[in-house]
Amino acid sequence: MTHPREVVRALAQTIVGQTETVEALVLALVAGGHVLLEGAPGVAKTLSCRALAAAIGGSFKRIQFTPDLLPSDIVGTRIYDQRSGEFTTVRGPVFANIVLADEINRAPAKVQSALLEGMQEHRATIGPESLPFPEPFAVLATMNPFDGDGTYALPFAQLDRFLAKIVLGNPTRDEERTIVDRYAAHDATFVSAVATLDDVRHWQTEARAVFLDDRIRDYLIDIVRASRETPEVVHGASPRAALALAGLARARAYLEGRAFVTPDDVRSLAPAVLRHRLSFDYRVAATDGDPEAIVASIVARIPAP
Amino acid sequence: MSVAQAGPPAPAAPYPRLHIVAMGMHADRRLVAPHDRFSVTIDVVVSQKRDRLDELVLGNFDDCTIVGDERRHTILPNGDTQFLEVLTLEAGSPGTATISAAHLDAIDPKVGHPLRYSTDPVSVRVTAAPPIDSTYVSLTATIGRYARWLTVLLGALAFTMFGVSFALRRRRPSAAAPPVIAQAPAVPLPAPPNALALAFNAFSLARDERTLLALRAQLFAEAGVAAGATLSDALARAGMRRSLRIALVEAEAAAFGPAAARVKAGDALVEALEAYLSGSGDGR
């Protein structure tokens, strides 16, 4: 049985820098959740997802979200077979272990809903059939913070389905030099599977058993509740955020080989869990306020136990 | 010294770009008489050359008044700048004089967003009775004073005995054994009162949640972080003090680990702290 740290190492061989992103992707996989990735084009969002699927030997499907996409393009459809005279089910790209929903905000709400329903239930209904997704199942959705024209903002109820939102920054100069040296001459190569899908299911079961002390449970609840009591925030995080934070904190403890969650686990992951779940007052945007700084201040003002 | 970080209240304020290496506040005395003067020093180290630190905001002063304020700064060999603000305060009526936390809002270039750096608050007891200081310095002074009295007393006693002996020898000039002047028994100086050692003793005597959390708090203070910080903050400040680092990690396991693992973690904590307090192994 391998350890999820092996997957982190394998991803680091393909992805230059972006260590927090790589770790967050593995954490979300272990916690059994979905991730929203935000970053400028070309910062290895897609590459990270492909590398993750390769590292666990899972199936990978990429869906490019566009304004004319239909729900059946994602979930699948039923096609009439003239020879047999029956309808047969054709499964859509969502039936994969790792699904990359590229530029999710470019598709209209009904398409987003089709995917988000599957994210919650881990199954899709095609005609009369309700079909389960392969396990493990994770949706990694990307959003480009620029090019706002022609996009459909994800409603908060849908954003809440994502365990965490990871913001990818630009690489450092040294990292960029390595990227050019490594990938200018040939395409990225993925490290072959260092773990199996059974391993991932085993990690998910073990991570759920990681001990969470009552004081740490209360600490993470305090952080989530503080988001609802911040003047700059109109709508704070839901109780689902507390569940997400607990799950991710357990996954981080497991990744680090600990049998219990520490306040550090909670504090380090809280921004990723909160940032896409908060709705900020218009004055924050009007005064060029930094939502990220507000999230950081919410986390910082709750003393750790 | 401690650095506690928290978000500043307003997100868009024009904060300076500063990397705060260390920040702390301490008083030179813990116990004073009414109207006594004492000093409180605020120590801030920033990782750049600066000649002013106007952004430092002092806290409130309860039951004491400022009678002096001296600021100085030093460029350290590594290019950092250390700012010292020495406040001379006069204690008020009996009770507790409290100097609340000083703070500094800045954008850490490494983080890129505003952070609030705060010291711990400082409290000084103001008592009408002659102060029996709990600090090491004043305790040593008290013992020194008693030792001087004891020396004078023994000297007087020896002189008296010598005089009596001399008188007796003159009255009865037989060969008598020379008088033995009693030596003062060697009194070992007590160890300086150390909050960490006291918390460790309490935990050793009764291992329960209360003593464990008190010990963990003292370990954090020893590392240089305030209450409300996390283990990673403490480890970042603990430097290369290996035993302290081990103790911090074990305290975390003892405090937050599953019940079955807490006893083992407690044993490891005791072992690491014994090594740390005895000064063996990590050049404390």
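User: Which residue is the bridge partner of K61(A) in β5(A)?

Analyst: Strands of a sheet pair through backbone hydrogen bonds, either parallel or antiparallel. Here, K61(A) has V99(A) as its bridge partner. Strands (E, at least two residues) and helices (H or I, at least four) are DSSP runs, numbered from the N terminus, and two strands pair if DSSP finds at least two bridges between them. β2(A) and β5(A) share five bridges in the parallel sense. This is a predicted model, where local features need pLDDT of at least 70, side-chain atom pairs count only at pLDDT 80 or more, and totals for chains, interfaces and linings use all residues. Residues are numbered from 1 along each chain as its sequence is written, with chains lettered from A and ligands numbered from 1 in the order in which they are written.

User: In what order do the five strands of the open sheet in chain A lie?

Analyst: The order is β2-β5-β8-β1-β9, with parallel pairing. β2 (60–64) and β9 (164–168) of chain A are the edge strands, each pairing on one side only.

User: Which strand of chain B does β9 (residues 103–107) join, and how do they run?

Analyst: β9(B) is joined by five bridges to β10(B), residues 114–118, and the two run antiparallel. In β10(B), S118(B) is the bridge partner of H103(B). Six residues lie between the strands of this hairpin, and G112(B) takes a positive phi near 90 degrees.

User: Which residues does V35(A) touch, not counting those up to four places away in sequence?

Analyst: Contact means C-beta atoms, placed from the backbone, within 7 Å. Among the residues that V35(A) touches are A24(A), L140(A) and A164(A), along with L25(A), A28(A), F162(A), L163(A) and I166(A).

How values were computed
Contact = placed C-beta atoms within 7 Å.
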